[in-house]
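Please keep the structure open while reading.

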Amino acid sequence: LQLKTGDLDPRLFSRLRHLQKLDLSDNLLDKFPNSLTLPDLRVLNCNNNKLEDVTALKQFPLLEELTYENNVYLTLNDDYKVMFLLQNLRLLNGKDITKLANHVRCVNSRKLTSKVTAHWEKFFRDQLPEKHTAEQVKAIKKKFLKSVQTNVVYGPSSLSEFTRWRVKMIAEEFLACSLGLELNSDSEPEEKTDENEEESTESPREAAEEVAQVGDFSSYISNVTVTPSKRKRNHSKSSPGKKRSKTQANTEEEAAEDVSAEPLHFLQCHSKGNSREDFKTQLWSCVFEPVLDSGARKDPIVSSSRTVATCGGESVCLIDCETGTVLKKYKVATEEFFSVAWTTLTMVISDSRKKAHNILAAAGRRGIVKLIHVAADFCYGEIKAHKKPIATVCFSPTQETHLFTASYDKRIALWDIGIPDCDYNFKASQLLVLEAASIPLRIALVPTCPEQYLLAGCEDGCFAWNIQLDKGQKSRPFEAIFQFPSEESLTTSHRVDGLAFLNDDVVVSKSSKPGCIYLWSWSRSFDAKGKGRQRTMSAVILAELEWSTTDMSYLTLSTCPAKEYVLCGDEQGSVWMYNLSSHSAAWGSPKGKPSERRISPSQILKWPELRVNGEQPPEILVNNVVADPAFTYLVVLTSVNITAIWRKP
């Protein structure tokens, strides 16, 4: 009926005192009036509206069944709010939430009440004089409410808005009841912040119940033990030409293994058909979600995101690293996902207001890019980017709608994915095609000029392209190919399956040469003179990192620029970690000398003794390992459908 909120006349609805079922689906409601009354309402359907808030539903205390699917601005936080507010609610969006709701109302409330009380006792009790004025009460109340919402944390970051909402409520009750400080609720309304939930074609709001099935891998992987040992540094040089056993042993002896990271979770959330017997699905890519601005400020609770998107097989998952909770799962039965990437788009919502939302791009074997609005649990579109599989994708750091896709068709395409309107209409356009000599495996934009140059590690070398859009040529060949040392001379022909920037200038690349990770200078290697010609350039090597002597390909690397770390997994489930902070200053000088010897890892995280039904998993390859920006969590993706999450103190 195209009903808007103003069309719900309280004078009419307040007379319907025996109404038990109300269907308001397929309208334009953005909120509920607070005075509809309806004291006997039991069933309410609000599907396909534009609701932004659910707290007004508390006026229906007898409500047992509630559905509000396809209200794109409602998130998991709103689910938890209605579960707390509606004591008789049994079904939410068709799912039985009785057990979870009891947990929210009882356990969650008890934990938060304990934390709020402890916060008062520790920081504020002594600030209030025994004889206090009204102004002192008002000041301490305001200060306490602000502090407690900022510092009391409980549960996953995806529920931080709900947690702040409940903490504020509990704190006000605590001040009013326990201390006799009447509040009169003159505080400003809480600003709603975005939370990041990923869509699932299985059921978009299964997050809490799904944890027991696929989120808690330890429920059916038991006897996980970690037996790290301190190793003294040995400065004897190792020979890269020797067989693995000796070289690997020497390297591991050289690694001063400060095992300060601990294994938190082992998850099997990408199983085909949710099978617990699936140890064959390969996991390929993971990226931490960017932290959204909330108005003019950052979320005070989450200074660095602990939510990571992972992909492998037919699914993409969003995981809370601290709790191991699988927040969302998006699935395409005919797809095999190889890569994911985040961007933040400022979208127009109702009444022409603008709001920032995180968008996840996922691509793989079908050559199609899926665009997912995670907060709305909605895959709103797709781009048929290539006719062959897409190996990797990445967004421009300066142009939020610009997406690069690298494909097995030996092309890298630049797309403008556009910004969807409030009905999710969008228009994608191809801006550029970069022709590669071989399949591009990894791509990286040059940090100092991300709108001008792109690097790619390919099956047959490392290449650079000029990607400036002011040039008329839409299809472009590479501008440079880089030479690297080989056993006897320089070579351009080698598989580069790892590529990332450590800082604005230092490139880290891994080649098919066994045990070889190079650090080299972009500015000293790339000569911008003579544009338009394909040229061979020698990479100015700054250092070489000691790594496994395996010739296994596609075990990629990553960097944590803020902490100057390089991370790379190997063919035995271990993670090699290199702290390069003591070397970077020397490399940064114009005449900086390269390191004379290979740099050994600062530490090696060994794969723990992990058993599945009493047996160890098969051979474990670490396909990818990524750290969050604050270097708190390490997410390890393997060849045996296991996502391992480690935490550093």
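The model is predicted.

**Nonpolar core**

The largest nonpolar core has 37 residues. Phe32, Leu44, Leu57, Leu66 and Val82 have the most contacts inside it. Helix H2 (76-85), helix H3 (98-123) and helix H5 (160-178) each supply at least two of the core residues. H2 gives the most, with six residues. In soluble globular proteins, nonpolar side chains tend to be buried together.

Take phenylalanine 32. Beyond its neighbours within four places in sequence, Phe32 is in contact with Leu8, Leu24, Leu44, Cys46, Leu51, Ala56, Leu57 and Gln59.

Arginine 166 lies over the face of phenylalanine 84, at 3.8 Å from the ring centre.

Strand E16 (residues 368-373) and strand E17 (residues 378-384) run antiparallel and pair over six bridges. Isoleucine 372 has cysteine 379 in E17 as its bridge partner. The two strands, E16 and E17, form a hairpin with four residues between them. Aspartate 377, in the turn, has a positive phi of about 55 degrees.

**Aromatic pairs**

The structure holds 25 aromatic pairs.

| Pair | Ring centres | Plane angle |
|---|---|---|
| Phenylalanine 124 and phenylalanine 144 | 5.2 Å | 75 degrees |
| Phenylalanine 378 and tyrosine 424 | 4.9 Å | 70 degrees |

Phenylalanine 124 lies in the loop between H3 and helix H4 (134-151), and phenylalanine 144 in helix H4, so this pair ties together parts 20 residues apart in sequence. Both phenylalanine 124 and phenylalanine 144 are buried.

The other pair links distant parts of the chain, 46 residues apart. Phenylalanine 378 is in strand E17, and tyrosine 424 is in the loop between strand E20 (411-416) and strand E21 (429-435). Phenylalanine 378 is partly exposed at 30% relative accessibility. Tyrosine 424 is buried at 9%.

Tyr453, Phe482, Phe484, Tyr518, Trp520, Trp522 and Phe526 form one aromatic cluster.

**A serine in a loop**

Is serine 574 buried or exposed? Its relative accessibility is 2%, so serine 574 counts as buried. Serine 574 sits in the loop between strand E34 (565-569) and strand E35 (575-579). Not counting residues up to four places away in sequence, serine 574 touches Cys568, Gly569, Ile604, Leu605, Lys606, Trp607 and Val622.

Key
Residues numbered from 1 in each chain as written. Predicted model: local features only at pLDDT ≥ 70, side-chain atom pairs only at ≥ 80, totals over all residues. Heavy atoms only, no water. Core = buried A, V, L, I, M, F, W, Y, C linked by side-chain atoms within 4.5 Å. Buried < 20%, exposed > 50% of the residue type's maximum accessible area, 1.4 Å probe, protein only. Contact = heavy atoms within 4.5 Å. Pairing = 2+ DSSP bridges. Phe/Tyr/Trp six-rings, centres within 6.5 Å; stacked < 30°, edge-to-face > 60°. Lys NZ or Arg CZ within 6 Å of the ring centre and 35° of its normal.
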